[in-house]
Amino acid sequence: MTQAIRQVSENDQFRADIYQLLAALLRRAPSAELLAFLQALEVDVEEDNDMTRAWAALKLAAGQFTPEQLEDEYFNLFLGVGCGEILPYGSWFMTGSLMDTPLALLRQDLAQMGFEREENVREPEDHVAALCEVMGSLILEAPGYRQLAFYQRHIGSWINRFCDAVAKAPSAAFYGTVAQLAKAFFAVEANEFEQLSLDIPVNCPGSADIAPASQEAVEVH
């Protein structure tokens, strides 16, 4: 049976790209290539809003640090000796504990949607970078109500507190601008999903009925 090709709007492609960029920045310290990409961004400075200001700040910061400096910053923020300044896990921000009920629910949902964890990945699936990777994939592959269900259950309730924590962390310099972009983006996402929730029929499956986005497994880093 031939599957219908889902049409992806320019706005959804842009949203997915930002999710993947945030995932790359939050998964590990940026490479020289990623820093060069950020420095080359075209930012419309005449459009004065939180997102534009965040893009401009990130672009400027990308030219002020070396990859080696950012490796140290990332280590201090998210890894540390035993523990970093920030624990980048959904369970921690939702319950104050790691490996808690939210992680178990996340694993159930990921399995139902066909996402698989890579064997060489040690971090739990509720790492903020992994969640951004999943959202990027869902925007491109899954219907809106599945995006909404995943966002509401696993991201929306705590992501702003994560952004604020990163912005205030003692070691955050470059990553302060990453947090600025993330907070501005997730504010836009909250409006996006609020509108989506109004457009979804009342009899449409929601967070209690998350089914596979596709037949092929997707790896979770």
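Biologist: Which helices each supply at least two residues to the lining of the second largest cavity?
Modeller: That would be helix H5 (90–95) and helix H6 (101–113). Keep in mind that we're looking at a predicted model.

Biologist: What makes this space a cavity and not a pocket?
Modeller: A 1.4 Å probe fits in a cavity but cannot get out, whereas a pocket is open. The second largest cavity has a volume of about 30 Å³, and the count of cavities of 30 Å³ or more comes to 2.

Biologist: How do you know which residues line the second largest cavity?
Modeller: A lining residue has an atom within 4 Å of a point of the cavity. Here that gives Gly90, Ser91, Met94, Pro102, Leu103, Leu106, Asp126, Leu131 and His154. By class, they split into 5 nonpolar, 3 polar and 1 charged. Asp counts as charged, so Asp126 is the charged one.

Biologist: And what makes up the lining of the largest cavity, by class?
Modeller: There we get 7 nonpolar residues, with no polar and no charged ones. They are Leu26, Phe162, Cys163, Val166, Val178, Ala179 and Ala182. Helix H9 (159–168) and helix H10 (174–199) each bring at least two of the lining residues, and the volume is about 40 Å³.

Biologist: Why is helix H8 (residues 144–154) called largely enclosed?
Modeller: Buried means under 20% relative accessible area. In H8, 8 of the 11 residues are buried, so the rest of the structure largely encloses this helix. Among the buried ones are Tyr145, Arg146, Phe150 and His154. You've met His154 already, in the lining of the second largest cavity.

Methods
Residues are numbered from 1 along each chain as its sequence is written. This is a predicted model: local features need pLDDT of at least 70, side-chain atom pairs count only at pLDDT 80 or more; totals for chains, interfaces and linings use all residues. Side-chain values use heavy atoms; hydrogens and water are left out. On a 1 Å grid over the protein atoms alone, a cavity is a set of points where a 1.4 Å probe fits but cannot get out, and a pocket is an open set with protein on both sides within 12 Å along at least five of seven lines; lining residues have an atom within 4 Å of a point. Grid points are joined across faces, edges and corners, and a volume is the space filled by probe spheres set on the points. Helices (H or I, at least four residues) and strands (E, at least two) are DSSP runs, numbered from the N terminus. Buried means under 20% relative accessible area, exposed over 50%, partly exposed in between (1.4 Å probe, protein chains only).
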